[in-house]
Amino acid sequence: MTDQIPADLGWVPEACTLPTAEQPLRLAEFDALFTASVRAGERLAPRRLRVVLAGDAGFAQVVRDLADRETRCCSFFTFTVGTPEPGVVRLDVEVPAGHVEVLDALEARAAAVRSRA
């Protein structure tokens, strides 16, 4: 497992209510999602990121589940999951101005794990 990107949890905001011990596990879930599925990413605005993912028919529900769980611990996130065409899932992530650095880190994480895939 030496090819994994180390968990840098320093960007996790104080507003996050996920227990500290569970934070690396959640990060690993996002890493797995991004590694296996990211096809494109685009910063639509300073506070809005779009990630395009590929997956089978049930994949959108997997993405929704992860987004829902993340919203429960980091309520500042707004996730919108769409399926513009079969096999494509569009994940839009928005944050308030005070949490742009978290969105920056999420975007960087997606790019880093995708480049290693």
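Buried here means under 20% relative accessible area. The model is a predicted one. By that cut-off phenylalanine 77, with a relative accessible area of 5%, is buried. Phenylalanine 76 is buried too, at 11%.

Three aromatic pairs occur in the structure. One of them joins phenylalanine 76 to phenylalanine 77. Through ring pairs, Phe76, Phe77 and Phe79 are linked into a cluster.

Helix α2 covers residues 59-73. Its 15 residues reach 22 Å from the first C-alpha to the last, close to the 21 Å expected at 1.5 Å a residue. The buried residues of α2 are Phe59, Ala60, Val63, Leu66, Ala67, Glu70 and Cys73. Viewed down the helix axis, they fall within an arc of 155 degrees, so they line one face of α2. Elements covering these buried residues include α1 (23-37), β2 (48-54), β3 (78-85) and β4 (88-94).

Beyond its neighbours within four places in sequence, valine 63 contacts Leu33, Leu53, Val81, Val89 and Leu91. Leucine 53 stands 10 residues from valine 63 along the chain, and their C-alpha atoms are separated by 9.2 Å.

Strand β2 shows an alternating pattern. Leu49, Val51 and Leu53 point to one face and are buried.

Valine 51 lies in β2. It counts as buried, at 4% relative accessibility. Residues up to four places away in sequence aside, valine 51 touches Phe34, Val38, Ala40, Gly41, Val89, Arg90 and Leu91. Phenylalanine 34 is 17 residues from valine 51 in sequence, yet the C-alpha atoms are 9.0 Å apart.

β2 pairs with two strands described here. Strand β1 (residues 38-45) runs antiparallel to β2, with six bridges between them. The two form a hairpin, with two residues between the strands. Within this pairing, valine 51 of β2 is the bridge partner of glycine 41. β2 and β4 also run antiparallel, joined by seven bridges. Here arginine 50 has aspartate 92 in β4 as its bridge partner.

The cysteines were examined last. A disulfide is a covalent bond between the sulfur atoms of two cysteines. The structure holds zero disulfides. For cysteine 73, the nearest cysteine sulfur is that of cysteine 74, 3.9 Å away. A disulfide requires the two sulfur atoms to be within 2.5 Å, so cysteine 73 is in no disulfide. Cysteine 73 is buried, with a relative accessible area of 6%. Cysteine 74 is buried as well, at 2%.

Key:
Residues numbered from 1 in each chain as written. Predicted model: local features only at pLDDT ≥ 70, side-chain atom pairs only at ≥ 80, totals over all residues. Heavy atoms only, no water. Buried < 20%, exposed > 50% of the residue type's maximum accessible area, 1.4 Å probe, protein only. Helix = DSSP H or I, 4+ residues; strand = E, 2+ residues; numbered from the N terminus. Contact = heavy atoms within 4.5 Å. Expected span 1.5 Å × (residues − 1). Arc of directions from axis to C-beta. Phe/Tyr/Trp six-rings, centres within 6.5 Å; stacked < 30°, edge-to-face > 60°. Pairing = 2+ DSSP bridges.
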